[in-house]
Amino acid sequence: VNLTKLDVLTNLPGGKIKLGVAYKLDGKELKSFPSSLQTMGRCEVVYEELPTWTEDITQIKDYDKLPANARAYVERIEEVTGCHCKYV
């Protein structure tokens, strides 16, 4: 996965980032993405809130130098999707 624009999430109002992690249909969590537009229209997105960061990351080139909350956000995306974010 190529994850771009991480820097625009810096210092978001409220200090939280909402990450969509699942869909619910009629109160039940789906095991996969909704299969049709009609189904999708009836779904509710399940969000997790993660803390944002305040540090300027626009010049950071090394993943390990990102703020801990930025790394936690990327790693949670990897967990939810099951895909490695190779380029951040």
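Q: Is T39 buried or exposed?
A: This is a predicted model, in which local features need pLDDT of at least 70 and side-chain atom pairs count only at pLDDT 80 or more, while totals for chains, interfaces and linings use all residues. Residues are numbered from 1 along each chain as its sequence is written, and side-chain values use heavy atoms, leaving out hydrogens and water. Buried means under 20% relative accessible area, exposed means over 50%, and partly exposed lies in between (1.4 Å probe, protein chains only). T39 has a relative accessible area of 18%, so T39 is buried.

Q: Which residues does T39 touch, not counting residues up to four places away in sequence?
A: T39 lies in helix α1; helices (H or I, at least four residues) and strands (E, at least two) are DSSP runs, numbered from the N terminus. A contact here means heavy atoms within 4.5 Å. Setting aside residues up to four places away in sequence, T39 touches L25 and P34.

Q: Leaving aside neighbours within four places in sequence, which residues is M40 in contact with?
A: M40 also lies in helix α1, and with a relative accessible area of 28% M40 counts as partly exposed. Once neighbours within four places in sequence are left aside, the contacts of M40 are Y23, F33 and P34.

Q: What distance separates the C-alpha atoms of M40 and Y63?
A: Along the chain, M40 and Y63 are 23 residues apart.

Q: What pattern does the chain follow, read along the sequence?
A: There are two helices and three strands in the chain. Read in sequence order, they give the pattern β-β-α-β-α.

Q: What is the radius of gyration of the chain?
A: The radius of gyration is taken over C-alpha atoms, and the globule rule is 2.2 Å times the number of residues to the power 0.38. For 88 residues, a compact globule would come out near 12 Å. The C-alpha atoms of this chain fill a box of roughly 45 × 30 × 15 Å along the principal axes. The radius of gyration of the chain is 15 Å.

Q: Which residues does L3 touch, not counting residues up to four places away in sequence?
A: L3 is among the residues with the most contacts inside the largest nonpolar core. Not counting residues up to four places away in sequence, L3 touches V74, I77, C85, Y87 and V88.

Q: How far apart in space are Y87 and V1, C-alpha to C-alpha?
A: Y87 is found in the segment after α2 and touches V1, N2 and L3, not counting residues up to four places away in sequence. Y87 and V1 are 86 residues apart in sequence. From C-alpha to C-alpha, their distance is 6.7 Å.

Q: How many disulfides does a search of the whole structure find?
A: A disulfide is a pair of cysteine sulfur atoms within 2.5 Å. The cysteine sulfur nearest to that of C85 belongs to C83 and is 8.0 Å away. C85 has a relative accessible area of 5% and is therefore buried. The number of disulfides in the whole structure is zero.

Q: Is the pair of Y23 and F33 stacked, tilted or edge-to-face?
A: Rings of Phe, Tyr and Trp (its six-membered ring) pair if their centres lie within 6.5 Å; planes under 30 degrees apart count as stacked, over 60 as edge-to-face and the rest as tilted. Y23 is in strand β1, while F33 is in the loop between β2 (28-29) and α1 (37-42). Their ring centres are 5.4 Å apart and the planes meet at 90 degrees, so the pair is edge-to-face.

Q: What angle lies between the planes of W53 and Y73?
A: W53 lies in the loop between β3 (44-51) and α2, and Y73 lies in helix α2, so this pair ties together parts 20 residues apart in sequence. W53 is buried at a relative accessible area of 2%, and Y73 is buried at 10%. The pair is tilted, with 6.2 Å from centre to centre and an angle between the planes of 50 degrees.

Conventions:
A nonpolar core is a set of buried Ala, Val, Leu, Ile, Met, Phe, Trp, Tyr and Cys residues joined through side-chain atoms within 4.5 Å.
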